[in-house]
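Good morning, and thank you for coming.

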Amino acid sequence: MKKCVSSILSLSLLLGGVSVVNAAEVPSVDKAAHAKASKPANTGKQAKAEARQQHLDKIKALTEKWGIDTTNMTVEQMKEAYKAKRAELNAEKLAKLKEKAQKWGIQLDGKTAKEVKAAVKAKQAEKHEQQLAKLVEKAGKAGVETSAGQTPKEIKQMIQAKKAETKQQRQAKQAEHIAKLQEKAAQLGTDATGKTAKELKEAIKAKKAEMKAANKAEKKAEKQAEKQASKEAKQKAKQEARQQEKQAPKQAPKQAPKQAPKQAAQQQNQV
């Protein structure tokens, strides 16, 4: 009897331990999942209706995006309009690709639309490399350092920035040049108000030519005056010489009678 009670007690303890262990291993219940699970699932009919509405909304969005009026259209009609528009756009796109391919010298005979796209893409890559090489060369001439991995757009921006900097420096140099020209014009007495560098140069050149001509005329006048004075002096000297010549014969006879008796007396004394 004691053995039987002992066995029953052991069995009850064992079963109790197992239940406790199992309870410890059960995770906590997710309330959100439980709440979702507790909601009644949509019926197949509702799911089909929702899917059909989503499909319809998608077709409407595509057709409206491409400018198709869907007023009073059924789903099938919208599908047909959508397919027609897509075919039209694809044809236009293919025509543009073919035109571009012909422009770039790509042979189209026997090529599918996919092959034309691939050929155009390869040609675009080639053109891109050529453009990049030209831009790198142009950047080098402009004094811009480039590095590998830079896009044509980035190189163009760098070249434009360098050009803007060069332009600013040139404008500053031009302003300095104009200031010097204005100072020179003021020294020459020329009005420099509102004049460009070219106009200032012309005004300064004209003023210098005017001053040179005036200086030349002044020197010529001085030379002519000197020549005239020399001529007058010569004429005066000639006149004086003539007067002296005229006066010389008159003085000689007056002296002759006085000297004659003296010479006769000297001769007699000598005898």
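What is the mean pLDDT of the protein, and what share of its residues reach 70 or more? This is a predicted model, with a mean pLDDT of 75, and 76% of the residues reach 70 or more. Confidence is lowest in helix α1, residues 2–25, where the mean is 40; it is highest in α6, at 88. Over residues 1–37 the pLDDT is below 50, and beyond near neighbours in sequence this stretch has 1 contact in the model. Where pLDDT is low, the predicted coordinates should not be read in detail.

Let me turn to the overall fold. The protein has 7 helices and 0 strands. Of its 271 residues, 12% are buried.

Next, helix α6, which covers residues 152–187. How far apart should the ends of its 36 residues be? At 1.5 Å a residue the helix should span 52 Å, and its end C-alpha atoms are 52 Å apart, so the expectation and the model agree. The buried residues of α6 are Pro-152, Ile-155, Ile-159, Leu-181 and Ala-185. After the helix comes Gly-189, whose phi is positive, near 80°.

Finally, the charged side chains. Side chains of opposite charge can pair when their charged atoms come close. The count comes to 3 salt bridges.

One of them lies in helix α4, residues 75–103. There, Glu-88 pairs with Lys-85, with the closest N and O atoms 4.0 Å apart. The two are 3 residues apart, about one turn of the helix. Glu-88 is partly exposed, at a relative accessible area of 39%, and Lys-85 is partly exposed as well, at 22%.

Helix α5, residues 113–141, holds Glu-126 and Lys-123, whose side chains meet in a salt bridge at 3.6 Å, N to O. These residues also sit 3 apart, about one turn of the helix. Glu-126 is partly exposed, at 37%.

In helix α5 we also find Glu-137 and Lys-141; they are 4 residues apart and therefore separated by about one helical turn. The closest N and O atoms of this salt bridge are 3.9 Å apart. Is Lys-141 buried or exposed? With 70% relative accessibility, Lys-141 counts as exposed, whereas Glu-137 is partly exposed, at 49%.

Definitions and conventions:
Residues numbered from 1 in each chain as written. Heavy atoms only, no water. Expected span 1.5 Å × (residues − 1). Buried < 20%, exposed > 50% of the residue type's maximum accessible area, 1.4 Å probe, protein only. pLDDT = per-residue confidence, 0-100. Contact = heavy atoms within 4.5 Å.
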